[in-house]
Amino acid sequence: MSMLREKLRNPIAAWTSRNRWAGPCLLALLFLLSLAVQGFELLDPYVQLILVYVGINIIMTVSLNLVNGYMGEFSVGHAGFMAVGAYTASIITVKLLPPQLIGLLFPVAVICGGLAAALVGLVVAFPSFKTRGDYLAIVTLSFGMIVKSVIENINAIGGPRGFLGMEKVTTLPWVFVWTVLSVWVIRNLVYSKFGRGVLSIREDEIASNLMSVDTRHVKVLAFVVSSFFAGIGGALYAHVLQFITPRAFDIIKSTDILIMVYLGGIASIGGSIIGAAIYTVLLEVLRPMGVWRMVCMPLVLVILMLYRPKGIMGLKEFSWFVPLRDLMAARVWRERGQKRV
Amino acid sequence: MSILEVRDLSHKFGGLTAISGLNMAVEDHELVGVIGPNGAGKTTVFNIISGVYKPSRGSIVFEGRQIAGKPPSLITNLGIARTFQNIRLFKELSVLDNIRIAHYGQARYSSLEALFHVGRFRDEEERVVEHSMELLSLLGIERSADEQAKNLPYGLQRRVEIARALATRPKLLLLDEPAAGMNPNEIDQLMDLIHSIRKEFDLTILLIEHQMALVMGICERLLVLDFGETIAEGKPLDIQNDPRVLEAYLGEVEAW
């Protein structure tokens with residue numbers, strides 16, 4: 001109860017929890033703004049590009065947080081799913097779709113990228129029935145390597161030289177829509193019986209199973225949803241960069257996403273958004289430092305881990321990401337009970 | 001009619017035989033205590049009944065259905081719930097979430113409905129909150145609903161664990177040392193609690209316990225286990241004077 005009171009003492013949080021229309025309205029406004037930015041070139045193309053990357057990285061971070069933060073596993077192969085999505089969508093837009101339809105059917109290609117990645121995620125979910133922790137991390141690590149070498153050895157999609165010819169159809173409004181959709185769906189999952197199942201697996205898998213949670217189903221769902229959105233992120237990424245190589249999706253990429261998850265904080269959607277935004281922007285801001293950038297940035301991380309080991313928002317959530325039903329469950333029940341008496 | 005019937009149950013950990021040829025039956029609405037010295041295999045029996053371990057041999061029939069070796073979530077959904085010797089709550093989560101998790105098997109909505117919060121989702125979630133809060137208030141811990149489970153005092157954590165087990169709507173409740181670490185006063189309260197939930201939920205209860213005050217106070221029948229076998233069975237008062245039981249606990253009693 002004290003937690004709830006503290007949350008509601010924050011005036012902005014109290015206001016938004018009373019006015020639930022505020023969120024959707026703000027999102028609609030931001031969407032219009034992103035359309036205007038793109039239409040009237042309100043922002044420098046370079047800044048627009050950074051915003052696009054922020055969006056893609058939010059998708060990657062929120063989706064990885066589902067497995068690493070909420071479920072408490074340690075997946076280090078997230079870039080592998082991204083690669084599957086990127087290549088699938090690129091092959092569709094370059095080889096299958098007639099050029100004049102690309103703009104129109106781009107969302108279909110993105111969804112196909114997500115579905116392909118989800119299919120691969122389904123396969124990776126099976127080892128998770130038997131192993132967990134460090135050992136599952138090794139499984140996901142190997143999975144990332146397999147994806148990379150498979151792509152490197154398929155000549156039809158360029159092998160190690162990479163794949164190009166995509167049109168730059170990933171625009172700011174599109175990225176905005178996909179980011180909101182990803183965050184919304186993953187939030188919905190987290191605040192459902194499946195999401196609570198995911199949390200209970202992190203806390204105590206055996207107890208969770210004994211409390212009627214079908215842990216296998218929950219694990220499969222978490223992996224599939226996580227990899228689906230990684231695939232979406234990959235598809236968007238390919239169509240902004242217009243050139244992808246297997247090397248772009250190696251362990252370094254996975255590490256980047258991991259850093260964003262742990263910087264923002266585990267098991268937090270708000271944290272994932274902050275983590276992805278700060279990391280992406282900071283890397284750009286530090287660009288003038290040249291090679292020192294990659295010394296400075298890790299240093300920031302070390303300092304953060306020393307003083308805030310759980311990340312910026314670890315295990316906490318902004319109340320406007322929490323469905324009202326969950327935020328007020330106990331309180332509503334109590335108030336209704338009092339009226340009844 | 002027996003609600004639970006265990007026949008010829010054996011379980012081995014590597015070369016160690018934990019349970020050998022165990023037979024027991026629990027009647028509907030009975031309150032049965034399982035006692036025995038340390039290492040007698042009591043908790044192993046609970047682990048096998050609830051599905052944590054697959055037995056090496058033997059059968060377990062619950063309400064006419066064979067459940068030996070079935071997955072724990074399925075057994076829980078059939079109506080067997082349990083608590084643990086060392087409290088195993090989901091520590092970082094709120095008390096309410098602990099109880100809501102145990103409704104997994106009852107909330108009828110698909111993963112797709114959950115992803116978009118549509119269809120049956122809203123009604124089912126409301127029902128789950130309703131039932132969870134009712135359970136919490138029945139156990140007198142409704143005020144702690146938003147508290148993190150790990151921040152509750154020990155006695156209340158025990159209550160949350162019982163509430164969580166009840167949330168799965170069991171017919172048979174397995175309590176593994178519910179009074180461990182409690183003082184006499186708390187044990188009295190626990191006995192009242194067990195009586196009241198038994199009546200309220202129409203339960204059959206099987207409990208492991210070392211605290212003789214509790215065992216003698218509420219159990220209608222006792223099973224004494226030693227080395228994975230039933231060595232005695234009967235009313236609490238008879239068990240107290242059974243030479244085989246004394247032997248198991250105190251060593252052989254020599255005539256002199």
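Begin with chain B and colour its two domains separately: their centres, taken over C-alpha atoms, are 27 Å apart. Domain 1 of chain B covers 1-79 + 170-256, and domain 2 covers 90-168; such bounds come from an automatic or database domain assignment. This is a predicted model, in which local features need pLDDT of at least 70 and side-chain atom pairs count only at pLDDT 80 or more, while totals for chains, interfaces and linings use all residues. Residues are numbered from 1 along each chain as its sequence is written, and chains are lettered from A and ligands numbered from 1 in the order in which they are written.

How many residues of domain 1 of chain B are in contact with domain 2 of chain B? Eleven residues of domain 1 touch seven residues of domain 2, where contact requires C-beta atoms, placed from the backbone, to lie within 7 Å. Select α2 (72-78) and α7 (184-201) of chain B, for each supplies at least two residues of the domain 1 side. Helices (H or I, at least four residues) and strands (E, at least two) are DSSP runs, numbered from the N terminus. The residues of the domain 1 side comprise six nonpolar, four polar and one charged. Here Ala, Val, Leu, Ile, Met, Phe, Trp, Tyr, Cys and Pro count as nonpolar, Asp, Glu, Lys and Arg as charged, and the others, Gly among them, as polar.

**A loop residue in chain B**

Select B:Arg169, in the loop between α6 (154-167) and β7 (172-176) of chain B. Its phi is near 55°, a positive value in a residue other than glycine. B:Arg169 is partly exposed, because 17 other C-beta atoms lie within 10 Å; the cut-offs are 20 or more for buried and 12 or fewer for exposed, with partly exposed in between, and C-beta atoms are placed from the backbone.

**The sheet of chain B**

Next, display the strands of the open, mixed sheet, whose six members run in the order β6-β7-β8-β3-β9-β10 (chain B). At the edges are β6 (80-82) and β10 (229-234) of chain B, each pairing on one side only. The twist from one strand to the next averages 20°. Zoom in on β9 (residues 221-226) of chain B, which pairs with β10(B) in the antiparallel sense over five bridges; pairing requires that DSSP find at least two bridges between two strands. B:Val224 has B:Ala232 in β10(B) as its bridge partner.

**Two helices of chain A**

Turn to chain A and select α9 (residues 172-190) and α12(A), whose axes come within 11 Å and cross at roughly 175°. Axes are lines fitted to C-alpha atoms, for helices over the stretch in contact, and angles run from 0 to 180 degrees between N-to-C directions. The two helices, α9(A) and α12(A), are therefore roughly antiparallel, a term for angles over 145 degrees. Among the residues that meet are A:Trp178 and A:Ile186 in α9(A), and A:Phe229 and A:Leu236 in α12(A). The residues of this contact divide into eight nonpolar, one polar and no charged.

Continue to A:Gln242, in the loop between α12 (215-241) and β2 (243-244) of chain A. A:Gln242 is not a glycine, yet has a positive phi of about 65°.

**Where the chains touch**

Finally, show both chains: the contact takes 30 residues from chain A and 35 residues from chain B. On the chain A side, α10(A) gives the most, with seven residues.

Key:
Parallel < 35°, antiparallel > 145°, perpendicular 65-115°, else oblique. Contact = placed C-beta atoms within 7 Å.
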